[in-house]
Amino acid sequence: MKILITGNQGYIGPVVSEHLRGTIPQAELVGLDTGYFENCTTAEAGPQSAPHIQLQADLRDIQPRDLEGFDAVLHLAALSNDPMGQRFEQVTRQVNYEASWKLAALAKSAGVKQFVFASSCSVYGLDDGTLKTEQSALNPLTAYARSKVGTEESLYGLAGSGFTVTALRFATACGFSSRCRLDLVLNDFVASALSHGEIVLLSDGTPWRPLIHVRDMARAMEWGLQRQARNGGAFVSVNAGSEAWNYQIRELAEAVGEGLGGLPVRLNPGGGPDKRSYRVDFSRFRALAPRHQPQWTLTQAVRELSQGLGGVIQRGMNFRDSYWIRLKVLASLMDERRLDASLRWRAERPSSLPHKQRPLRPESGKVPTVDSPLEG
Ligand SMILES: NC(=O)c1ccc[n+]([C@@H]2O[C@H](COP(=O)([O-])OP(=O)(O)OC[C@H]3O[C@@H](n4cnc5c(N)ncnc54)[C@H](O)[C@@H]3O)[C@@H](O)[C@H]2O)c1
């Protein structure tokens, strides 16, 4: 089995590659990434977390020949959160929707059998007090969420005739990765606890947010890559996660405080309402993928994050200004004139240098601040 993994040099990619190398050892993994965050690491990546072949390319330039010979595509490449979608709305549409649709169409024409798409529970938008099922009305509130809805719709139109599509509507990711991101709610709380000895919430802590551990995401993707059309149909769009991980923000903060030895949590009772509050029903995922259900607990996730980040987050560090915040990295690369306004590289990149010779951090330390550091 030959699998193309787009966006494999992001937060989730290394964890998925490692998981697939273990669970589908005969698979040949080919990564394709433009490399926005290539040097933004939090740990030495083990050899298992790299694909067998790495391609450096922009998804928007993908050609029919690039899909030849693949059995499956795991599509992760995207501008992958709301703050990036807000700042780069047009690019979000180009990459997350238009190029994603083209990738899938080319994949089908090339005879690819399985297409797995990393969608998002953010397609549901507002909390109206009900658990969101796959039948719930979609209410995408952001450019990012709209791009996910658009791509799901186009994938629905392509599925069939031997082309099996699985759109996994993931909850917000958390957990450690060799390319860990700190613009995600639980990861931010752990980094905050390590750097400042407390967790300070922007809100009153009441919004609901479904979470999923990054290793449980990998398990779901493994399922999608091997799903047969008789299990759910040629096209499946399914919430990927578990009800046990529908948390209120304050519960997450308190779990981090407890996990790190009883650190204080400061709520903001006057904090404005968070429109992205929602809870999700995962019963369809349980029915379709009973052997690929989430296994991590919140306590384990907090412990793993604090151990992993403990080596890189120093006391007093302003990690929200660091290269582990994705929007900061893109802004920094633009300030340095390495990326243009459409987030294309201005000059050929030095990809021939061995990894260790490349700078570990983007060279410009000066990056603008954003109001909200969170969300994935
Ligand atoms: N992290 C989450 O909470 C979460 C939740 C639900 C869904 N997802 C989805 O999972 C996928 C992976 O998420 P992640 O957290 O690893 O994101 P990430 O931002 O860390 O990684 C995305 C990768 O895509 C690459 N990329 C972006 N534009 C590209 C382009 N034009 N051409 C080639 N490569 C490009 C980037 O260089 C990056 O390495 C995304 O599609 C995201 O929307 C993530």
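## A guided tour

Begin by selecting Arg344 and Asp58, whose side chains form a salt bridge with an N to O distance of 3.9 Å. This pair joins distant parts of the chain, as the two residues are 286 residues apart. Arg344 belongs to the segment after helix H10 (326–335), while Asp58 is found in the loop between strand E3 (53–56) and strand E4 (72–75). The structure, which is a predicted model, contains 14 salt bridges.

The space that the ligand takes up is the largest cavity. Which elements give two or more residues to the shell around the ligand? They are strand E5 (114–120), helix H4 (143–158) and strand E8 (172–174).

Now display the residues around the ligand. The ligand is surrounded by 30 residues, and the closest are Asp33, Leu59, Ser80, Tyr144 and Ala173. Colouring the shell by residue class gives 16 nonpolar, 9 polar and 5 charged residues.

- Leu76: here a backbone N or O atom lies 2.8 Å from an oxygen atom of the ligand.
- Lys148: in this residue a polar side-chain atom lies 2.9 Å from an oxygen atom of the ligand.

Finally, show the surface of the protein around the ligand. On its own, the ligand has 820 Å² of accessible area, and the protein covers 100% of that area.

Terms used:
Residues numbered from 1 in each chain as written. Predicted model: local features only at pLDDT ≥ 70, side-chain atom pairs only at ≥ 80, totals over all residues. Heavy atoms only, no water. Near = heavy atom within 4 Å. Polar contact = N/O pair within 3.5 Å; in protein donor to acceptor, adjacent residues only side chain to side chain. Areas by Shrake-Rupley, 256 points an atom, 1.4 Å probe, with all protein chains shown as cover. 1 Å grid on protein atoms, 1.4 Å probe; cavity = no way out; pocket = protein on both sides within 12 Å on 5 of 7 lines; lining within 4 Å. Sits in = over half its atoms within 2 Å of the grid points. Helix = DSSP H or I, 4+ residues; strand = E, 2+ residues; numbered from the N terminus. Nonpolar A, V, L, I, M, F, W, Y, C, P; charged D, E, K, R; others polar. Salt bridge = Lys/Arg side-chain N within 4 Å of Asp/Glu carboxyl O.
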